[in-house]
Amino acid sequence: QVQLVESGGGLVQAGGSLRLSCAASGRSFSSYSMGWFRQAPGKEREFVAGIAWRGGSTKYADSVKGRFTVSRDNAKNTVYLEMNNLKPEDTAVYYCAANWLGIRGYEYWGQGTQVTVSS
């Protein structure tokens, strides 16, 4: 089992940047593929970015490609989401999630961190 805590959200102007962090506690962080998701008011939760447990391959939603970068530091049990050129439509609560060996689905979730982008 793993516990996840996000941080780094806040209010930023359009065109600005933020870096979200997700700290994991528990065992075997390196065995989890990690994902970032977001949920805007009145909308369903959507996938933003993910990074594999082995090899570090990454995936991104089309809406954030070229602007967001996901990375991980297994020594620090932390996954990051670097967000650049933020747009008002990026406003949402951002969640990180963990998927054991990339095969069980995202079964562990953090509490979320709010990102607000003003125009």
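R38 has Y94 of strand 9 as its bridge partner. The model is predicted, with local features requiring pLDDT of at least 70 and side-chain atom pairs pLDDT 80 or more, while totals for chains, interfaces and linings use all residues. Residues are numbered from 1 along each chain as its sequence is written, and side-chain values use heavy atoms, without hydrogens and water.

Strands are DSSP runs (E, at least two residues), numbered from the N terminus. Two of them pair if DSSP finds at least two bridges between them. Strand 4 covers residues 32-39. Strand 9 (residues 92-100) runs antiparallel to strand 4, and eight bridges join the two. Strand 5 (residues 46-51) also pairs with strand 4 in the antiparallel sense, over five bridges. Here R38 stands opposite E46. Six residues lie between the strands in the hairpin of strand 4 and strand 5. G42 takes a positive phi near 75° in this hairpin.

Strand 4 is mostly covered. Seven of its eight residues are buried (under 20% relative accessible area; exposed is over 50%, partly exposed in between; 1.4 Å probe, protein chains only). The largest nonpolar core has 30 residues. Such a core is a set of buried Ala, Val, Leu, Ile, Met, Phe, Trp, Tyr and Cys residues joined through side-chain atoms within 4.5 Å. L4, M34, W36, L81, M83 and Y94 have the most contacts inside the core. Elements giving two or more residues to this core include strand 4, strand 5 and strand 9. Nonpolar side chains tend to be buried together in soluble globular proteins. Beyond its neighbours within four places in sequence, M34 is in contact (heavy atoms within 4.5 Å) with residues including L4, C22, F29, I51, V79 and Y106.

The structure holds five salt bridges (a side-chain nitrogen of Lys or Arg within 4 Å of a carboxyl oxygen of Asp or Glu). One joins the side chains of E46 and R38, at 2.6 Å from N to O. R38 is buried, with a relative accessible area of 6%. E46 is partly exposed, at 35%. R38 also forms a salt bridge with D90, with the closest N and O atoms 2.9 Å apart. D90 lies in the loop between strand 8 and strand 9 and R38 in strand 4, so the pair ties together parts 52 residues apart in sequence. D90 counts as buried, at 1% relative accessibility. Salt bridges with shared partners join R38, E46, R67 and D90 into one network.

Conventions: Helix = DSSP H or I, 4+ residues; strand = E, 2+ residues; numbered from the N terminus.
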